[in-house]
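Welcome, and please open the structure in your viewer.

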Amino acid sequence: MESVDIWHDTPEFPPFAVSVYAFVHAFVDSACSRNPGQGGWAYQIEGQPVVSGAAPATTSDQIELLAAIKAIEGFARLNIKGVTLRLHSDSEYLAGAISSSFEREKNPSLWSRLSALTKSQGCEWVWLSRGDYRLSMVNTEAKRQACLL
């Protein structure tokens with residue numbers, strides 16, 4: 001079942017969201033100029049603009065985790081109740097480690113933060129192969145952020 005969000009933003013109504021289905025989709029990606037090196041992250045929650053940022057000294061694994069963390073934190077700020085955040089990523093590292101303990105010994109503080117957020121927000125993970133236009137959009141922005149530093 002796909003989600004449909006109704007966004008209200010008029011003088012009579014403050015901005016808020018009402019979801020009529022069970023899921024809100026978010027697309028996350030990151031880019032690293034070198035490994036380690038400058039990195040950029042980006043996400044888009046459906047119905048919202050792309051949000052992005054950068055880190056001056058990071059690894060590809062760290063910036064991938066940070067992109068997911070930022071997306072979940074962004075969703076939490078929207079305060080949409082009663083729905084599951086469905087995160088879409090093309091990262092095999094992220095998808096593999098979320099579904100098992102695969103490579104979680106690296107970056108324990110980021111994994112701990114991501115795990116706590118995932119549990120508190122009720123997230124689901126979807127691995128997408130390259131080619132999805134929404135992932136391409138956030139990937140382009142993550143690359144742009146990595147080059148801005």
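Which helix holds both Glu141 and Arg144, and how many residues apart are Glu141 and Arg144? Select helix 4, residues 133-148: the two sit 3 residues apart there, so about one helical turn separates them. Keep in mind as you look that this is a predicted model.

Now show the side chains of this pair. Glu141 and Arg144 form a salt bridge, and their closest N and O atoms are 2.9 Å apart. Glu141 is buried, at 16% relative accessible area, while Arg144 is partly exposed, at 43%.

The structure holds 5 salt bridges, so let us visit two others, starting with Asp61 and Lys106, where the closest N and O atoms are 3.8 Å apart. Select helix 1 (residues 60-78) to find Asp61, then the loop between helix 2 (92-99) and helix 3 (108-121) to find Lys106; the pair therefore ties together parts that are 45 residues apart in sequence. Asp61 is buried, with a relative accessible area of 17%, and Lys106 counts as partly exposed at 42%.

For the last stop, pick Arg86 and Glu124, whose side chains meet in a salt bridge with an N to O distance of 2.9 Å. Arg86 belongs to strand 6 (residues 84-89) and Glu124 to strand 7 (residues 123-127), so this pair links parts 38 residues apart in sequence.

Is Arg86 buried or exposed? Its relative accessibility is 16%, so Arg86 counts as buried.

Technical notes. Residues numbered from 1 in each chain as written. Predicted model: local features only at pLDDT ≥ 70, side-chain atom pairs only at ≥ 80, totals over all residues. Heavy atoms only, no water. Salt bridge = Lys/Arg side-chain N within 4 Å of Asp/Glu carboxyl O. Helix = DSSP H or I, 4+ residues; strand = E, 2+ residues; numbered from the N terminus. Buried < 20%, exposed > 50% of the residue type's maximum accessible area, 1.4 Å probe, protein only.
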